[in-house]
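Have a look at the picture first, then read on.

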Amino acid sequence: MTPDRVRGRLWAVVPAAGSGSRFGGEVPKQYLAVDGQPLLAHTLQALLAHPNLEGAVVVLAEGDAHWAGWSTFAGKPLLTCVGGRARADSVLAGLAALPDSVRMDDFVLVHDAARPNLRAADLDQLLERGRNDPVGAILASPVRDTLKRAGDDGGIDCTEPRERLWRALTPQLFRRLQLARALEAAREAGVDVTDESMAMERQGLRPLLVEGAEDNFKITTPADLARFEFVLSQR
Ligand code: C5P
């Protein structure tokens, strides 16, 4: 297998089936207009601009009325499928919707639709290091704030040591079949995994942490959206 052949098959799954209930408002956050384009378009642009990416599966909510119907983006194929109740269900649907050209032991990227500020250099690092790891890798950034554990009354019970604590970001890079099996196992156990790595860790696997920029943030609140608008104005 030549490196080029390996490179050519890299696909991404982009879960975009969330209702964005924490954000509020009528329009799901992935469709909010930023600089004349839906947030999702900024995310797809950041991902698919990378030369190693061949295409992406966008996972949509059932009956999504906002999807623009793209079948290509940045000159690359875009497929869609319908997601599920939890994020892990959506990612599982996306993995199943990948084209047959993506083999079961190929690496696949999973990247949040609501994380538009991915740097090309971070994606480079993730691919470079993650593909050399037997399990795969995630972008992450070290915790820099002091962490407090709250009691029921809102008072501070204690301070948690932050050494070796990281914030998990996306993209996350795992092998197609291994990730699907890990997500299915979590679902069968009734465990609500909040990222793909957590499902892999439950299998006793140890994905690699690849440090990425802290400004690869997820849009969760209106303040995050304002931050992204500011980032765009500075580009
Ligand atoms: O809700 P949260 O911000 O953690 O969602 C992260 C990503 O997962 C978002 O892009 C959201 O659209 C997606 N998601 C999904 N299916 C769900 C829940 C979330 O595709 N059931």
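How far is a polar side-chain atom of lysine 29 from an oxygen atom of the ligand? The gap is 3.0 Å. Keep in mind that this is a predicted model, so the distances here are computed from it. Here's the rest of the picture, topic by topic.

- The shell around the ligand has 15 residues, and Pro15, Ala17, Arg85, Ser90 and Lys218 come nearest.
- If you sort the shell by type, you get 6 nonpolar, 3 polar and 6 charged residues.

- On its own, the ligand has 460 Å² of accessible area, and the protein covers 85% of that.

**Where the ligand sits**
- The ligand takes up the space of the largest pocket.
- Two elements give two or more residues to the shell around the ligand: strand 1 (10-16) and helix 3 (87-96).

**A helix tucked inside**
- Now turn to helix 2, residues 39-48: 9 of its 10 residues are buried, so the rest of the structure largely encloses it.
- Among the buried residues of helix 2 are Leu39, Leu40, His42, Thr43 and Leu48.
- Buried here means under 20% relative accessible area.

How values were computed:
Residues numbered from 1 in each chain as written. Predicted model: local features only at pLDDT ≥ 70, side-chain atom pairs only at ≥ 80, totals over all residues. Heavy atoms only, no water. Near = heavy atom within 4 Å. Polar contact = N/O pair within 3.5 Å; in protein donor to acceptor, adjacent residues only side chain to side chain. Areas by Shrake-Rupley, 256 points an atom, 1.4 Å probe, with all protein chains shown as cover. 1 Å grid on protein atoms, 1.4 Å probe; cavity = no way out; pocket = protein on both sides within 12 Å on 5 of 7 lines; lining within 4 Å. Sits in = over half its atoms within 2 Å of the grid points. Helix = DSSP H or I, 4+ residues; strand = E, 2+ residues; numbered from the N terminus. Nonpolar A, V, L, I, M, F, W, Y, C, P; charged D, E, K, R; others polar. Buried < 20%, exposed > 50% of the residue type's maximum accessible area, 1.4 Å probe, protein only.
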